[in-house]
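Hello,

Here is the structure I promised to hand over. Please have a look at it first, and then read on for my notes.

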Amino acid sequence: MSKTVLLTLGRMPKSLDLARGFHALGWRVVVAEPFAWHLCRASRTVSKSLRVRAPARDPDGYLDDLRKVIERERIDLVVPVSEETLHVAGLTEGLAAGVRLYAPPRAALLELHDKLMFARKMRALALPVPETHPADSDAGKTLAADRAYVLKPANSCAGLGVSMHAAGTPLPERGARRDLVVQERLDGRLLSSFSMLRAGRVLVTSVYRGVVMSGTVAVCFERLAEHAGIADFAASFASKTGYSGFVSFDFVEDDAGRVQAIECNPRVTSGIHFLEAEDVARAIAEPDADGPVRFRPQTLMQQFYPCLIEWQAAMFNGRERGMKWRAMREARDVTWDPRDPLVFPTMTFTSYPILVPAVFKGKSMGETATEDILWSGAGT
């Protein structure tokens, strides 16, 4: 009998990659999603889409809904996708016998997701990160006075709440600094990585850079040839922590090619689009499988509709408009697959819960896509 996988988000292209990968393996795919309409709902690879409460608004209710889905749909494997991962990790206790959750314990995720905890952990492991302190500490105040710095919420994602400041720029009033961290601002090229790890071993790492950005989120991205510094970082992190699961890092590379990790996302990021979806699914579904996770031939990928919005916004900037037009013309859309043809043409409709606030309320695409699934740091 075929097995059933539960994906805990359906609105993002990375959810679609996972759905297609598991479908190719012969698995039945169920999606749990707070939005009534979402990207994966138009996919022929998804057997059923079920609406659940939003974890950022009702974390206990969200977990209750997931448990009901797991029982009713006879789920064998639960795979978190994006920012909801920290909430889904709360399923670990009391998960029914025979059901596997593809995520580390919440405590391990928090050590990486929290910007201050991550920086401290990496320094303890002798891995390169910029100096980082609580914004309400004396060390944070000294850093801000002496060097250019980045101010960010400890539990931020998608660049939300992140601001750049020159040396000597005053920090917010002490009462407004709660949960904020101060990080040394590095000069260099921003690179990202997405890895799958198993018991301290790297299965695959894709390294990429943003080509077209929506705020601080890349909506067109280019895979780079293997980067020795990033490969060494991922391998060292894996061996020193014994980590299993998805993990993604953002780096700044200096002129000499040295990298420092500025933050970590212990979840799927856009780097998954450069990997063969079936191989990714097999690596998750078969913990003892030794087969490789192969790269797709495409090295330039885009989310077409966000790229289109960014191109339109650059209409009166000739140089930027031309660059974005070339990227749109040359990049492969991450959702297009002739074997699953309805997803791309229906995206305007299925993405309206994200697009409408972005267009009419002036919010970024990253904010509207994640505001109801964010981890606040409070926990359940």
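Let me start with the aromatic residues. Phe118, Phe233, Phe237, Tyr243, Phe249 and Phe251 come together as one aromatic cluster. Rings of Phe, Tyr and Trp (its six-membered ring) pair here if their centres lie within 6.5 Å; planes under 30 degrees apart are called stacked, those over 60 edge-to-face, and the rest tilted. By this rule the count is 15 aromatic pairs.

One of these pairs is made by tyrosine 208 and phenylalanine 221, which sit edge-to-face at 6.2 Å centre to centre, with 70 degrees between the planes. This pair links distant parts of the chain: tyrosine 208 belongs to strand β11 (residues 201-214) and phenylalanine 221 to strand β12 (residues 217-223), 13 residues apart. Tyrosine 208 is buried, with a relative accessible area of 7%, and phenylalanine 221 is buried with a value of 0%. The word buried stands for under 20% relative accessible area, exposed for over 50%, and partly exposed for what lies in between (1.4 Å probe, protein chains only).

Tyrosine 208 has a further partner in phenylalanine 274: the ring centres are 6.1 Å apart and the planes stand at 45 degrees, so this pair is tilted. Here too distant parts of the chain are linked, with tyrosine 208 in strand β11 and phenylalanine 274 in the loop between β14 (259-265) and α8 (277-285), 66 residues apart. Phenylalanine 274 is buried, at 0% relative accessible area.

Before I go on, a word on the origin of the coordinates. This is a predicted model, in which local features need pLDDT of at least 70 and side-chain atom pairs count only at pLDDT 80 or more, while totals for chains, interfaces and linings use all residues. Residues are numbered from 1 along each chain as its sequence is written, and side-chain values use heavy atoms, with hydrogens and water left out.

Now the overall picture. Along its principal axes the C-alpha trace spans about 65 × 50 × 40 Å.

Of the 380 residues, 54% count as buried. Among contacts (heavy atoms within 4.5 Å) between residues at least 6 apart in sequence, 64% join residues at least 24 apart.

Arginine 74, in the loop between α2 (59-72) and β4 (77-79), has a phi near 55 degrees, a positive value in a residue other than glycine. Arginine 74 is exposed, with a relative accessible area of 73%. Alanine 199 is not a glycine either, yet has a positive phi of about 50 degrees. Alanine 199 lies in the loop between β10 (189-198) and β11 and counts as exposed at 59% relative accessibility.

What surrounds valine 219, leaving aside its neighbours within four places in sequence? Valine 219 is in contact with Val212, Met213, Ser214, Met301, Gln302, Gln303, Pro306, Cys307 and Glu310. Valine 219 lies in strand β12 and counts as buried at 3% relative accessibility. Valine 219 and methionine 301 are 82 residues apart in sequence, with 8.4 Å from C-alpha to C-alpha.

Histidine 165, in strand β8 (residues 163-165), counts as buried at 19% relative accessibility. With neighbours within four places in sequence left aside, the contacts of histidine 165 are Ala148, Tyr149, Leu151 and Arg185.

Finally, serine 376 is found in the segment after α13 (365-370). Serine 376 is exposed, with a relative accessible area of 55%. Serine 376 and tyrosine 102 are 274 residues apart in sequence and 22 Å apart in space, C-alpha to C-alpha.

Enjoy looking around the model.

Best wishes

Methods: Helices (H or I, at least four residues) and strands (E, at least two) are DSSP runs, numbered from the N terminus.
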